Amino acid sequence: MSHTEFERTQRIAVLGGGPGGYEAALAAAQLGAEVTLVERAGVGGSAVLTDVVPSKSLIATAEASNAVKEAADLGVQFYAKGDHEKAVKPQVAINLQAVNKRLLGLAAQQSEDMRSNLIEAGVHLVQGEGRLDGPNAIIVSTAKGGTDFDRIEADTLVISTGATPRVLPTAVPDGERILTWTQLYHLTQVPEHLIVVGSGVTGAEFASAYRALGAKVTLISSRDQVLPGEDADAASVIEKVFKRNGMKVMNKSRAESVVADADGVVATLTDGREVRGSHCLMAVGSVPNTRDLGLEEAGVQLAESGHIRVNRVARTSMPNIYAAGDCTTFLPLASVASMQGRTAVFHAMGDIVNPPENRNITSNIFTQPEIATVGWTEKEIDEGVVPGAVYKLPLSSNPRAKMMGIRDGFVKLFASAGSGAIIGGVIVAPKASELIFPLALAVEHRLTVDQFAEAFPVYPSLSGSLTDAARAMHVVR
């Protein structure tokens, strides 16, 4: 009997079909494992169905609305039919029902495409509520009411169950007037007056989008400035744009409670002030979906917050159990979840692993303009955590920005004080999410400002500001 007859295909079970679980299942199948993916809602998870894909689609519509409104600044005039003498101010109408139908359709199509990819790769899909049954099995309730169960045994488990919006007991969402960000897509009309509680990434993005769509927006922020965890200069630009566009920003204000009444909603602040609106979006963070999954019984350590503790290869305290995405103690980004999912499977199956480095991860905030960041921060440089130089170049000096009518934004580079290696950067601009990639490459591959400046950007282009900034940081040898 040959040696190969004793070998058994590695069995991998994945709980949760979001970006982390999807990539883990796909990678495992490509490496020849026997893969089962358990998902309760649909492949893609909340990232595709209720979060990233629909929210960024909504923001794209808001950007299109703004582009029409601002076209006059570029000399594009609108006329009433039959009258070519009098320019009129464009009136932009938003059909929110059609917008939401489109973006939910896009989300469903993306989910279906991902599902097809998994099936084509040979992944076995099981729909239902799953939980661990010890360290080597998942039990799945495959029927409503939990009367039918499947037990899936595996050598390696990957947990990718995501997170859900945090709910405050004094501001319980009703799905009609008081909403989480997963419930916004059922609105049939643009809210007359949307109160947004929370000025972090989610709150700022939706406040920006709904103001562009025509809603009156009040943003309640408990901190001195919106986006408190971000680059201070970038947050300052965004807050200035918010206010210029007619948004009311209430800094140093904390919502005590939000209740719905006959006329809309009332947000009561801790100092007794009241804010009245038609709707309220609660954007006060998220909680990991780790309760009642049998994790602790299986020996998996959790942080006090309920997040699963993982190391750089996404491994938990149990050697054969890995975790990826927002349910873990790593960065809550869809791109990070995908990387964690692949890293987990590569490690479990003995493939080459290049663990993600926190410093090299790009992130983006989809406000208007966008904020993209990578690497070390200016705050860390100022505090002496890393020795570095900072150079900031306003976009207003960029010729392409002038042509496009861009008034706000900047490029900021951080370079090592000794070698001149690029160690980070911030871009505030339209489509900053696209512009940040060259900086991400520079940080990942430790390019110096001189090496970066040797590349030829298109003239004129917004990316030209990146090389301009790098040239300004030339290191004299």
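Is Cys-280 buried or exposed in this structure? Cys-280 is buried, with a relative accessible area of 0%. The model described here is a predicted one.

**Cysteines**

- Like Cys-280, which is buried at 0% relative accessible area, Cys-327 is buried, and its value is likewise 0%.
- A disulfide is a covalent bond that joins the sulfur atoms of two cysteines.
- The count of disulfides in this model comes to 0.

**Aromatic rings**

- Two aromatic rings are described as a pair by the distance between their centres and the angle between their planes.
- The search of the whole structure finds 1 aromatic pair.
- This pair is formed by Phe-206 and Tyr-210, whose ring centres are 6.5 Å apart; the planes meet at 35°, so the pair is tilted. The angle falls between the limits for the other two classes, because stacked rings have planes under 30 degrees apart and edge-to-face rings have planes over 60 degrees apart.
- Both residues belong to helix α5 (residues 201-212), and because they are 4 residues apart there, about one helical turn separates them.
- Phe-206 counts as buried, with 3% relative accessibility, and Tyr-210 also counts as buried, with 0%.

**Charges over rings**

- Arg-359 places its charged end over the ring of Trp-376, at 3.8 Å from the ring centre.
- Lys-392 lies over the face of Phe-410, and the distance to the ring centre is 4.6 Å.

- Which residues of helix α11 (residues 437-444) are buried? They are Leu-439, Ala-440, Ala-442 and Val-443.
- These residues cover an arc of only 160° around the axis, and therefore they lie on the same side of α11.
- The elements that cover the buried residues of α11 include the strands β22 (370-375), β24 (410-416) and β25 (422-429), together with the helices α12 (449-453) and α13 (464-472).
- After α11 comes Arg-446, which has a positive phi, near 55°.

**The annotated domain**

- An unreviewed UniProt entry places the feature "domain: Pyridine nucleotide-disulphide oxidoreductase dimerisation" at residues 363-469.
- In the model, the span of residues 363-469 is 32% helix and 29% strand, and its end C-alpha atoms lie 20 Å apart.
- Arg-407 is located in the loop between α9 (399-404) and β24. Arg-407 counts as exposed, at 58% relative accessibility.
- Between Arg-407 and Phe-206 there are 201 residues of separation in sequence and 22 Å in space, taken from C-alpha to C-alpha.

**Annotated binding-site residues**

- The unreviewed UniProt entry carries the annotation "binding site" for Lys-56, Gly-130 and Asp-326.
- These positions span 271 residues in sequence, and their farthest two C-alpha atoms are 29.1 Å apart, so they do not all gather at one spot.
- Gly-130 is part of strand β6 (residues 129-132) and counts as buried, at 13% relative accessibility.
- Beyond its neighbours within four places in sequence, Gly-130 is in contact with Leu-15, Val-38, Ile-138, Ile-139, Val-140 and Leu-293.
- Asp-326 is in the loop between β20 (321-323) and α7 (334-348). Asp-326 counts as partly exposed, with 26% relative accessibility.
- When residues up to four places away in sequence are not counted, Asp-326 touches Gly-162, Ala-163, Pro-288, His-307, Pro-332 and Leu-333.

**Two further residues**

- Is Gln-127 buried or exposed? Gln-127 is exposed, and its relative accessible area is 54%.
- Gln-127 is placed in strand β5 (residues 124-127). Its contacts, leaving aside neighbours within four places in sequence, are Glu-39, Arg-40, Ala-41, Val-140 and Thr-142.
- Gln-127 and Ser-141 are 14 residues apart along the chain, and 8.6 Å separates their C-alpha atoms.
- Ser-221 lies in the loop between β13 (216-220) and α6 (232-244) and counts as buried, at 0% relative accessibility.
- The residues that Ser-221 touches, apart from those up to four places away in sequence, are Ser-199, Val-226, Met-250, Asn-251, Lys-252 and Ser-253.

Notes
Residues numbered from 1 in each chain as written. Predicted model: local features only at pLDDT ≥ 70, side-chain atom pairs only at ≥ 80, totals over all residues. Heavy atoms only, no water. Phe/Tyr/Trp six-rings, centres within 6.5 Å; stacked < 30°, edge-to-face > 60°. Helix = DSSP H or I, 4+ residues; strand = E, 2+ residues; numbered from the N terminus. Buried < 20%, exposed > 50% of the residue type's maximum accessible area, 1.4 Å probe, protein only. Lys NZ or Arg CZ within 6 Å of the ring centre and 35° of its normal. Arc of directions from axis to C-beta. Contact = heavy atoms within 4.5 Å. Disulfide = S-S within 2.5 Å. UniProt positions renumbered as here; feature names shortened; annotations may be inferred.
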